[in-house]
Each structure stands twice: as C-alpha cells, then as structure tokens.
Amino acid sequence: MRTVIPVVPPFVQHVIQVRAGDLAYVPTRAPFGYRYRSYTWNRATKQLTVRLHDRHYASSNKNRTVAVTAEWLNLPLVRCGDGNEKSYQVDGNKVFSAGGTLAWRCVRGAGGRTVKILASGKNLPVSTLAIVASSVKRL
C-alpha cells in the first residue's frame with residue numbers, strides 16, 4: 001500500500017488550525033517538484049497564505065513560488081466568479097481564472113460565510129493553478 005505524504009506537514013497543519021481557525025485551509029496537491037515552503041497568518045486582514053516552492057530553484061527565487069490564500073469573501077457564493085475570464089471544472093469544483101497567474105474558487109465556510117481560495121504563481125499554466133486551488137481542503 002502506498003503512503004500519501006501531505007503537502008503541508010501535519011505539525012504545520014495543526015499550528016495553522018490553531019491560528020487561523022475557520023480559515024484553516026491548505027492545499028492537498030502541488031505542482032510537480034513543488035514542496036511546502038511556509039505559511040503566513042495575517043490576523044488583521046484575516047488571510048492565510050500557504051507557499052509552495054519549486055525545489056529545483058533557490059528559495060529566494062519568487063518566480064518559482066505558488067501562494068495559496070484563504071480569505072473571507074463578503075459576497076454571496078454565487079458572486080464568486082465575478083471578474084473571471086475563464087472557468088474550469090476540476091475534481092468536481094468550479095475554478096475561475098483571470099489572467100495567467102491567478103485561479104480561484106469559493107466554498108461555504110463556517111457559519112455559512114463564503115471563503116475565497118486563491119492560487120497564484122508565475123511560470124505555471126493557469127490550469128495547474130486551478131488544480132492546486134481545487135485541491136484545497138479545510139482542516
């Protein structure tokens with residue numbers, strides 16, 4: 001039987017869950033060669049960002065980093081796609097994109113509030129970012 005290694009280490013998941021609470025969302029899939037790099041919880045703006053980095057490049061190379069952000073969307077769930085240029089159906093999830101460096105989707109979060117999940121990064125096709133955004137799960 002094959003063991004699946006989580007993208008975000010279990011200990012870090014626990015810390016994220018304690019700090020971010022209802023916005024504790026992490027990716028479960030990463031582009032090939034990308035590994036967990038870091039996370040940031042901004043208490044003031046209520047944003048959680050998890051960074052994945054291509055292990056083939058120096059960690060200072062920001063062009064090889066994917067940022068996955070969870071934030072509250074103060075709009076109804078049906079308005080999630082506002083401003084999109086293209087939409088994708090990935091693993092049963094509707095994912096939107098605008099430009100070549102951003103993909104997002106929305107989920108119903110705690111208390112029925114809308115959570116916007118964004119995946120952004122350079123040097124990757126938007127379809128890959130859509131796969132990452134689709135994979136995000138709540139802890």
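**Reading the labels: burial, salt bridges and strand pairs**

Q: Why is Arg79 called partly exposed?
A: Its relative accessible area is 39%. Buried means under 20% and exposed over 50%, so a value in between counts as partly exposed. Arg79 therefore gets that label in this predicted model.

Q: What makes Asp82 and Arg79 a salt bridge?
A: Their side chains meet at 2.6 Å, N to O. The cut-off is within 4 Å, so the pair qualifies. Asp82 is also partly exposed, at 39% relative accessibility.

Q: How many salt bridges does a search of the whole structure find?
A: It finds 3.

Q: Why does the contact of Arg138 and Asp22 count as a salt bridge?
A: The N to O distance is 3.0 Å. The limit is within 4 Å, so this pair passes.

Q: What parts does the pair of Arg138 and Asp22 tie together?
A: Arg138 lies in strand E9, and Asp22 in the loop between helix H1 and E1. The pair therefore ties together parts that are 116 residues apart in sequence. Arg138 is partly exposed at 42%. Asp22 is partly exposed at 38%.

Q: How do you know that Arg29 forms a salt bridge with Asp91?
A: The closest N and O atoms are 3.2 Å apart. That falls within 4 Å, so the label holds. Arg29 sits in the loop between E1 and strand E2, and Asp91 in the loop between E5 and E6, so the pair links parts 62 residues apart in sequence.

Q: Why is Asp91 called exposed?
A: Its relative accessibility is 57%. Arg29, at 40%, is partly exposed.

Q: What makes E5 and E6 a strand pair?
A: They are joined by 5 bridges and run antiparallel. A pair needs at least two, so E5 and E6 qualify. Tyr88 stands opposite Val95 in E6.

Q: How do you know that E6 and E7 pair?
A: They share 2 bridges, in the antiparallel sense. The rule asks for at least two, so the pair meets it.

Q: Why do E7 and E8 count as paired?
A: They are joined by 7 bridges, and at least two are needed, so they count. The partner of Val107 is Val115 in E8.

Q: Why is strand E7 called largely enclosed?
A: 5 of its 7 residues are buried, so the rest of the structure largely encloses E7.

Conventions
Residues numbered from 1 in each chain as written. Predicted model: local features only at pLDDT ≥ 70, side-chain atom pairs only at ≥ 80, totals over all residues. Heavy atoms only, no water. Buried < 20%, exposed > 50% of the residue type's maximum accessible area, 1.4 Å probe, protein only. Helix = DSSP H or I, 4+ residues; strand = E, 2+ residues; numbered from the N terminus.
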